[in-house]
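Hello,

Please have a look at it, then read my notes below.

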Amino acid sequence: MRLLTLIGIIGILASCSNDKPIFKVDIIEQEAGDKVEFVPNMPFEIIRDSSYFYFSKEDYYKVLGAEISKGKQIYKSDKFEIRVILRKYMNAKGTSFEFVLRSFSKDFKIIDSYVMASSVKDLNCNGVIDGKLNITTTCADGTVTTATVDEYGKFIINE
């Protein structure tokens, strides 16, 4: 009986942990340029030698204006994995950021991309993705966008 109770408690705790953020970004607007805070803290490495694997067509167009870096894998299933890509733009007002969630297939081909947080074009938006792969982007103007990731690694915006 105690074993069944213990298994039940573990199951409840495991199901609750899926709601915990697996990656969260807060963009703080400052006079000297935007500042970002993200959890978990991870290093971002500028993509130089492996751009073929990490870049989308959109990245190739933006590479002249942005520094594009790769973060760590934040999710992995038997069909795909999700990594964080950081685009950092330098302009007269300081630095602007875009945090992009990018899904890759098992053979490391890009499946899809989704900008989850951004300070580009004066639209400061924070973002969070939880263990159930629900994404919430909240902007300073009050706009909230929700999305999810389907079983194939595609980002689906909820209407």
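What follows is a short account of the fold, the ring pairs, the disulfide and the salt bridges.

Two things on the basis first. This is a predicted model: local features need pLDDT of at least 70, side-chain atom pairs count only at pLDDT 80 or more, and totals for chains, interfaces and linings use all residues. Residues are numbered from 1 along each chain as its sequence is written, and side-chain values use heavy atoms, with hydrogens and water left out.

Overall picture

The protein chain has three helices and eleven strands. Both kinds are DSSP runs, numbered from the N terminus: helices are H or I with at least four residues, strands are E with at least two. From the N terminus on, the order is α-β-β-β-α-α-β-β-β-β-β-β-β-β. Of the 159 residues, 40% are buried. Buried means under 20% relative accessible area, exposed means over 50%, and partly exposed is in between (1.4 Å probe, protein chains only). Take the contacts with a separation of 6 or more: residues 24 or more positions apart account for 42% of them. A contact here means heavy atoms within 4.5 Å.

Aromatic rings

The whole structure holds eight aromatic pairs. Rings of Phe, Tyr and Trp (its six-membered ring) pair if their centres lie within 6.5 Å; planes under 30 degrees apart count as stacked, over 60 as edge-to-face and the rest as tilted. F23 and F38 have ring centres 6.0 Å apart and planes at 35 degrees, so this pair is tilted. It links distant parts of the chain: F23 sits in strand β1 (residues 21-28) and F38 in strand β2 (residues 35-39), 15 residues apart. Both F23 and F38 are buried. F23 also pairs with F99, with centres 6.2 Å apart and planes at 45 degrees, so that pair is tilted too. F99 is in strand β6 (residues 94-105), 76 residues from F23. F99 is buried at 0% relative accessibility, and F23 is also at 0%. Ring pairs link F23, F38, F44 and F99 into a cluster.

Disulfide

There is one disulfide in the whole structure. The term covers a pair of cysteine sulfur atoms within 2.5 Å. C125 is joined to C139, S to S 2.0 Å. The link of C125 and C139 is right-handed, with 95 degrees about the S-S bond. C125 lies in strand β8 (residues 125-130) and C139 in strand β9 (residues 134-139), so the pair ties together parts that are 14 residues apart in sequence. Both cysteines, C125 and C139, are buried.

A140 is in the loop between β9 and β10 (144-149). A140 is exposed, with a relative accessible area of 70%.

Salt bridges

The structure holds six salt bridges. Each is a side-chain nitrogen of Lys or Arg within 4 Å of a carboxyl oxygen of Asp or Glu. K24 meets D26 at 3.5 Å, N to O. K24 is partly exposed at 35%, and D26 is partly exposed at 27%. K79 pairs with E151, the closest N and O atoms being 3.5 Å apart. That pair links distant parts of the chain: K79 is in the loop between β4 (66-76) and β5 (80-91), E151 in the loop between β10 and β11 (155-157), 72 residues apart. R83 and E81 form a salt bridge at 2.6 Å, N to O. Both R83 and E81 are buried.

Best wishes
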